[in-house]
Structures are given as C-alpha cells and as structure tokens.
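Hi everyone, thanks for coming.

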Amino acid sequence: MSELHIAGSALLSSSAVHEACKHLAKGPECTLQELNLRGKDVNAQDIAALASHLSENTSVTTIDLAGNNIGPEGVSTLAAALKQNRSVTSLNLSSTQMFDQGTPSFGSIPTGTLVLNFKLNPLLTLLKVLTVATSVPYAAAVALAEMLLHNKSLTSLGLGNNYLRDVGAKSMGAMLAKNASLIQLNVRDNSISPAGATSLSNGLKRNTTLKT
C-alpha cells in the first residue's frame, strides 16, 4: 500500500490512527507514502502513537493532518519525530489549533525580554523567550523551528488558520531567513497585521528556495 487516504471515510479517529500505525510499524518493509488523516478528530495522544513510528520511517512522503485539534502538544510531538526524518516532503498542519486565539501581538510583549545574546541561535532564543514572556503555548513554535533547522527534506508546510498573528509571523520570518529546503509555505488566515507581513517579507529577502 502506498497511500492511506482516510479523510472523509467512516473510520473513527482511533480506528484511523490504528490503521496508520499498523502500516508504519512494518519498519523498513513499510511502503506507505501518503498519510491523509484530514479532519478525523485526531488528538495529541493519537499523534504520539504516530510519531513513535515516524522518526525512522523512510517511506512516507506526505502527511495531512489539517482540521484536527492536535494542539501545541501534538504539533510539538510530531515536530520532534520529524526532526531526523529524511523522507517526508509535505506536511499540512492547517487548522490544528497549535496556537491560542488570544495570543498577543508582538508589540504587546515587553521589549526588555528580548535583550538576549542571539549569536548562537537567534530564532530559537526568540521563540523560547516568547514562550515564557506570553505564558501561551508557543512550545509548538519552538519545536517547529528546531525541526526546520535540522530537517532537510521538508519542502511544503501548511500552517494556515492557526492564529499565528504577528509573533508567529516574526518567528516564521526568522526561520525563512535560515531555512534552505522549503519551497511552499502556507500561512494564510492567521490574523497577521501589516507589521507581521513585513517580518515575513524580511525573511523572504534572505531566503533562496521558497517559491509560493
């Protein structure tokens, strides 16, 4: 089997994830290439089960989890698993509730919290400060950033409708300035202001791979 397309099927979340894990558990013998669990009520615990197989998987190239409430915990778990993965090229995390709707804009964060040494890793330093300073679930942003700094295979990332706002836009802009693998990035419908758009634009100026 090269494709497991469960989106829109009658399978419940637990059955869908169990079916996926059954194929992924085959290890080197797994031939699954596309994992589509869009809108199947997959949660953070389900992601933990999937992630346990994805770190060393070499067959799956496409993962679609859009429309599932996996939250920051689920996104963080998945990102950690994909950090060393070398086969997944497309990841859709649109509408996965990775950020809270009440996340403040970048301008509302005390500037004093950003006076740090950025020489070693400016992107991760910034994100970790934001996690502490805002007391909101930015662990997902940190995990995604770490994954994108290590993973060299991912070319398409969907983050639409996740309330990234200006803080998320700034982190994505910083990531784009360093990432050399992404070709497609979807950040639409994220309540990003013109200031946040400028942050993305600044990152794009230094990026040499992104096309859309």
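Helices here are DSSP runs of H or I with at least four residues, strands are E runs of at least two, and both are numbered from the N terminus.

Before going on, a word of caution: this is a predicted model, so local features need pLDDT of at least 70, side-chain atom pairs count only at pLDDT 80 or more, and totals for chains, interfaces and linings use all residues. Residues are numbered from 1 along each chain as its sequence is written, and side-chain values use heavy atoms, with hydrogens and water left out.

Back to our pair. Lysine 22 makes a salt bridge with glutamate 19, with 3.4 Å between the closest N and O atoms. To count, a side-chain nitrogen of Lys or Arg has to be within 4 Å of a carboxyl oxygen of Asp or Glu. Side chains of opposite charge can pair when their charged atoms come close.

How many salt bridges are there by this rule? Two. The other one joins arginine 38 to aspartate 64, closest N and O atoms 3.1 Å apart. Arginine 38 sits in the loop between β2 and α2, and aspartate 64 in strand β3, so this pair ties together parts 26 residues apart in sequence.

Is aspartate 64 buried or exposed? It's buried, at 11% relative accessibility, while arginine 38 is partly exposed at 40%. Buried means under 20% relative accessible area, exposed means over 50%, and partly exposed is in between, using a 1.4 Å probe and protein chains only.

Now zoom out. The chain has seven helices and six strands, and 48% of its 212 residues are buried.

Next, the largest nonpolar core, which has 46 residues; Leu50, Leu91, Leu93 and Leu159 touch the most other members. A nonpolar core is a set of buried Ala, Val, Leu, Ile, Met, Phe, Trp, Tyr and Cys residues joined through side-chain atoms within 4.5 Å. Helix α5 gives the largest share, six residues. Leaving out residues up to four places away in sequence, leucine 50 touches several residues, including Val17, Leu24 and Leu37.

Last, confidence. The mean pLDDT, the predictor's confidence in each residue from 0 to 100, is 79 for the chain. Helix α4 is lowest, with a mean of 53, and strand β4 is highest at 97.

Key:
Contact means heavy atoms within 4.5 Å.
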